[in-house]
Structure formats: structure tokens, C-alpha cells
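I opened this entry to keep track of what I looked up, one topic at a time.

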Amino acid sequence: MGLDKLITKVEAVDEHHVRFTLSQPNAAFVADWAMDFASILSAEYADAMLKKGTPEYVDNWPIGTGPFALQQYKQDSLIRYTANPHYWQGEVASKHLIFSITPDPQTRLAKLKTNECQIIPAPLPEQFAAIKADGNLQLHDITGLNVGYLAFNTQKKPFDNLLVRQALSYAVDKKAIVAAVFKDSGTPANSLLPPGMLGYNDKLPEYAYDPQKARELLKQAGLEQGFETDIWSMPVQRPYNPNSKRIAEMIQSDWRRWA
């Protein structure tokens, strides 16, 4: 974001207001400060932890102004909070908040169904139908601010050739991936920016599935006979990539089909 060059001065106007002076206009500045990296921390607490020789406590045992205060943290197990009695917006509706760290999506859904927990994030697309069919559960969805993508290492041949990258892009059936992996809960992307994000342009051309065009571009690149490469897939689940292995297999199948 280049904030070190963008921000030229920070001033405390009074007890509750701060003024930023920028080196140039920036339309995204206010939105950027709503991100988690811009959380307001206690300078007094940070100084105390530095003097004590435990600066990691600023991250592991933070002090903030939110509705909950950290009570307990067990790595890879749980994070327990209690209501902050000094919360600036008044009394907090819930006295306790517990994040039960559960990497497996099937286990998360099982906990939800038995009321062991009340909210789970990012259920798998194949779980949507079961959640909707359960009268005790509600499925909330919103357009995500994320994009799943296939990256090329342009420092290695033949991916340093634009024609090759374009050919492989035309050779991937994105609509089939959206249908099979996302259960039609996503849309084929036309850029690295998702809808709803500043700078998104819905007029950009899409690399629609076109195997014939892919062959022509590879021929222009001097690779009419094709080539071999490896595809690395993410070992973890993400909302924008709920089944990386399956997506990689479908891309592999697409590329092999027309090669």
C-alpha cells in the first residue's frame, strides 16, 4: 500500500480524534484503515512489554477497545473471550465468546448441528443443500472480496511467454469448475479484483473457455506439440478455493484434453 510514503504526518487532534496528512489524494485510504492491520493498539502496553522483554505479548495477549477481552488462548485449540465491561458502546449482549479451532469442515458442521457451537464460517459448497434443508440452521451468504486464481511463474520458461499464459488460460473451463467445485456459488473471474472492490471493472474481457484458440496460441509460441509442467495445489481449504486438489485435477484434465 505504500503507507510509509503516503502518510506524511499523524496528529492527535484531541482525546478521540486523529488527523492524517497524505502526500497525495488516495480514494482507498479510509477503507484501508478498516482492515485488521490498522487495529489501534495501546502504546503504553507495548512500551511496558518491551521493557519487560516480552514484546510478543502485544500480539498474543492484545489490549484493545472492542466488545470482548481475551481471557484464554490455547494454540490450535481455542480462544476464549469475556465481555469487556469498559466497552465504549455499552453493555455487550453476550458475556462469553469462544472460538473453537476446528480445521475439519465436516466436524464444524457436526458441532453446529448439535449446538456445540452456534456459528461456523466457510462451509463447503457441498454442505449448502444440507444446511438449507435443516430447519434449525440458517445459511447466510454474501459476495466475497476474494478471487481464486492460477498463478504462473514468469521467471521460468515457457511461462515467460505471454502467448503460453494466454493459451493455458483459454484452455481452462472455469464455468465447469464453478459448477463442480463451488456448486454454482461462485462466478468466473475476469480480473484479480472481485466485484465490490474499488477498481473492479466488469467491462474487462474474459478468458472464456476456447480450446481451439489455446491451440493456435501455443502454435504461435512454438509449442504446437505441447509441453509438460507441474501444478501445485493449496494444501488447505479457503472460501475462494474449497477443494484445491479437485480444481487442480480439473485444470490438468482440461490441459491434457486438448494437448
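Which residues are buried in helix H7 (residues 162-170)? I noted Val-164, Gln-166, Ala-167, Leu-168 and Tyr-170, where buried means under 20% relative accessible area, exposed over 50% and partly exposed in between, with a 1.4 Å probe and protein chains only. Helices (H or I, at least four residues) and strands (E, at least two) are DSSP runs numbered from the N terminus.

Before going on, I recorded that this is a predicted model, in which local features need pLDDT of at least 70 and side-chain atom pairs count only at pLDDT 80 or more, while totals for chains, interfaces and linings use all residues. Residues are numbered from 1 along each chain as its sequence is written, and side-chain values use heavy atoms, with hydrogens and water left out.

**Helix cap.** I then looked at the N-terminal end of H7, which Asn-161 caps through a side-chain oxygen 2.9 Å from the backbone nitrogen of Leu-163. A polar contact is here a pair of N or O atoms within 3.5 Å; within protein, one must be able to donate a hydrogen and the other to accept it, and residues adjacent in sequence count only if both atoms are side-chain atoms.

**Asn-84.** I found Asn-84 in the loop between strand S4 (78-83) and strand S5 (96-100), and with a relative accessible area of 14% it is buried. Polar atoms of the Asn-84 side chain lie 3.0 Å from the backbone oxygen of Gly-66 and 2.9 Å from the backbone nitrogen of His-86. Leaving aside neighbours within four places in sequence, I listed the contacts of Asn-84 (heavy atoms within 4.5 Å), among them Thr-65, Pro-67 and Val-92.

**Aromatic pairs.** Rings of Phe, Tyr and Trp (its six-membered ring) pair if their centres lie within 6.5 Å, and planes under 30 degrees apart count as stacked, over 60 as edge-to-face and the rest as tilted. By this rule I counted nine aromatic pairs. The ring centres of Tyr-81 and Phe-99 are 6.0 Å apart and their planes stand at 75 degrees, so this pair is edge-to-face. Because Tyr-81 lies in strand S4 and Phe-99 in strand S5, the pair ties together parts 18 residues apart in sequence. Tyr-81 is partly exposed at 22% relative accessibility, and Phe-99 is partly exposed at 46%. Phe-159 and Phe-227 also form an edge-to-face pair, 5.9 Å centre to centre with 75 degrees between the planes. I noted that Phe-159 is buried at 11%, whereas Phe-227 is partly exposed at 28%.
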